[in-house]
Amino acid sequence: MNELDQFVKHKLKIKHYFRYTDDFIILHQNENYLKELLPEIAEFLREKLKLNLHPNKVILKKLQQGVDFLGYVVLPYHRVLRTKTKKRIFKKVDAKNLQSYLGVLKHCRGYKIQKSILNKMNKAEELEKLKKEMEEDKELPLFGEANLVFGEGDVGAEVMFIGEAPGFHEDKFMRPFVGQAGKLLDKLLEKINLPRESVYITNIVKRRPPENRDPLPEEIEAYKPYLKKQIQIINPKIIATLGRFAMNYFLSDFKISQSHGRGVILREKIIYPLYHPAAALRATAILKELEKDFKKLPSLLKNYDNVKIKK
Ligand code: URA
């Protein structure tokens, strides 16, 4: 690309020109002048370098609107991260790449995002500690009989799904909702544009009861302190309960047939009872209800801040 630099500087005599690999910016106060430059540059690239200017990637904008460059939006007096970059960093940050992402943030106004990233990292660390504690707690029922299925997903999720207890596949892979019910859950999430990776999924009882029997009250009680801590760390806006056991954990005398699809405010969160996907696999009428209730989830989330929640 050095030829392009020479061409821009010496032939076109452009003073304010920046390039990094194949991204380049030309600054000028005259919009028409910039428009007229385009065909000349395109021709040079085509003839001399066998390259084409991508029509969708040529952007003409005012400096005050900010210029996208190398993941930043460069404004006249400061830089911010591009929304896309912000989202990518937030999704991908882990202990290995944290320092390099913090480095990226040093070059822009990124205090808020830095705070959120560190918050997310803290959450991940705290969850890891909690998991370890559970793995070592020999007093927990089903210890030694089944694998621990701690939970998974985005630790900064706004929606947390809580099921009853792991089944055969969950025990085998040590991941929640990965059997048939899990596949349905994934589909329902996709349909509302809330990918599985963007929510957090776990169960009340975190080891598989033998023969998939219902969890016993004493099992629910024993796993309670861990679930409580897990919720505290993730701190979601909405807790979507899957099935009556999970619903009754929060709302003890509610009936699923009457309460599904209706958010209930409890301790600054919305508890959103849903039918269990396994039940939906057995009955079409329930599947229809579950689909309807899932569809309401995005607006419930959107309206969360407008709901009067006592703090
Ligand atoms: N059913 C549940 O309640 N939890 C799982 O993880 C899988 C099936």
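Two strands pair if DSSP finds at least two bridges between them, and strands (E, at least two residues) and helices (H or I, at least four) are DSSP runs numbered from the N terminus. Residues are numbered from 1 along each chain as its sequence is written. Bear in mind that this is a predicted model: local features need pLDDT of at least 70, side-chain atom pairs count only at pLDDT 80 or more, and totals for chains, interfaces and linings use all residues.

Start by selecting residues 17-20, strand E1, and residues 23-26, strand E2: they run antiparallel, joined by four bridges. Click Tyr17 and you'll find its bridge partner in E2, Ile26. Two residues sit between the strands of this hairpin, and Thr21 in the turn has a positive phi of about 45°.

Next, pick helix H4 (residues 98-106) along with H5; they pack at an angle of about 165°, axes 10 Å apart. (Axes are lines fitted to C-alpha atoms, for helices over the stretch in contact, and angles run from 0 to 180 degrees between N-to-C directions.) H4 and H5 are therefore roughly antiparallel, a label for angles over 145 degrees. On the H4 side, show Leu98, Tyr101, Leu102 and Leu105; on H5, show Ile113, Gln114, Ile117 and Met121, which make the contact (C-beta atoms, placed from the backbone, within 7 Å).

Last stop: the ligand. Among the residues around it are Glu164, Pro166, Phe177 and Asn203, where being near takes a C-beta atom, placed from the backbone, within 6 Å.

Terms used
Parallel < 35°, antiparallel > 145°, perpendicular 65-115°, else oblique. Contact = placed C-beta atoms within 7 Å.
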